[in-house]
Amino acid sequence: MPLPRAGRSPPALAALSQVLRLERSRRAGLVFPLRKLERSLAPGVDTGRFRLFQPGLAALQRAEAFFRSGRQHPIAYVSSAVRMAHAPPPALPEVCFIGRSNVGKSSLIRALFSLSPEVEVRVSKTPGHTKKINFFKVGKYFTVVDMPGYGYRAPQDFVEMVEAYLQERHNLKRTFLLVDGVVGLQRTDHTAVEMLEEFGIPYVMVLTKIDRASRGLLLKNVLEIQDFIKEKTQGCFPQLFLVSSVEYSGIHLLRCFVAHVTGNLPTVEAS
């Protein structure tokens, strides 16, 4: 891995303290992107699944602390693996991120770690660049795992590699299935859902690149995917998470959910 770069500071809005300086409605829309979409819903539409995980400010602040590295709390790339024999010991609770090539997976992980600029997460413009399972250790609390992308230019042994990880990694607490917020669910995403359902893996869907979608298109994709989750899945968390790795929309909420599902934030009071 590259050496840490000195003098780098977190980008604007990566920290909750910066978000809190914004005007109230913009602040709420940045932290809870689904709330922003609620305003465009027809009267009477059930929004219960929009607000299942809605932590208060104190929980968001506690969660952010896990993503700030320090002398007593190092955050760092650990290793890469092309097969499970090369994976680090399953000592900590773990979350993994999977999705189609070019869905913005590595960019999302980099945004999650943006409060610790010394953590290097390689982001490639070439689809299918991530061909290994990459492990990032967050202090003594949990591990974040970047999986190879499926679909376009996916490595030949993707299925064997990912299936082995999902079935054998007993410390895996939640799988985050990333879906492009502009194009919605694709055939390859359905295949990934079938695999997760077959293995009985708890997972949650995350819509990426929401800054690139019009409000109408994003709302259409959100409602269609939430209906799909309700009707076709058993192991998927009913609430979608919407994120933009460019504007940091939804990043603070997702950090909080990661801290929660890894057992590091057991009590999450509602806002």
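This is a predicted model: local features need pLDDT of at least 70, side-chain atom pairs count only at pLDDT 80 or more; totals for chains, interfaces and linings use all residues.
Visitor: Which helix supplies the largest share of the lining of the second largest pocket?
Guide: The lining of this pocket includes at least two residues from each of helix 2 (24-31), helix 3 (33-38) and helix 8 (215-232). The largest share is four residues. The helix that supplies these four residues is helix 2.

Visitor: How many charged residues are in the lining of the second largest pocket?
Guide: The second largest pocket has a volume of about 300 Å³ and is lined by 16 residues. Among them, Gly29, Lys36, Ile210, Glu247 and Ser249 lie nearest its centre. The lining divides into seven nonpolar residues and four polar ones, and the charged residues number five.

Visitor: What is the volume of the largest cavity?
Guide: A cavity is counted here if its volume is 30 Å³ or more, and the count comes to one. The residues that line the largest cavity include Phe32, Phe50, Gln239 and Leu253. The volume of the largest cavity is about 60 Å³.

Visitor: Which element gives the most to the lining of the largest cavity?
Guide: Two elements, helix 3 and strand 7 (241-242), each supply at least two residues of this lining. The greatest contribution is three residues. The element that gives them is helix 3.

Visitor: How many nonpolar residues are in the lining of the largest cavity?
Guide: Phe53, Leu240 and Leu242 are among the residues that line the largest cavity, as are Arg35 and Gln54. By class, the lining holds one charged residue and two polar residues. The number of nonpolar residues is nine.

Methods:
Residues are numbered from 1 along each chain as its sequence is written. Side-chain values use heavy atoms; hydrogens and water are left out. On a 1 Å grid over the protein atoms alone, a cavity is a set of points where a 1.4 Å probe fits but cannot get out, and a pocket is an open set with protein on both sides within 12 Å along at least five of seven lines; lining residues have an atom within 4 Å of a point. Grid points are joined across faces, edges and corners, and a volume is the space filled by probe spheres set on the points. Ala, Val, Leu, Ile, Met, Phe, Trp, Tyr, Cys and Pro count as nonpolar, Asp, Glu, Lys and Arg as charged, and the others, Gly among them, as polar.
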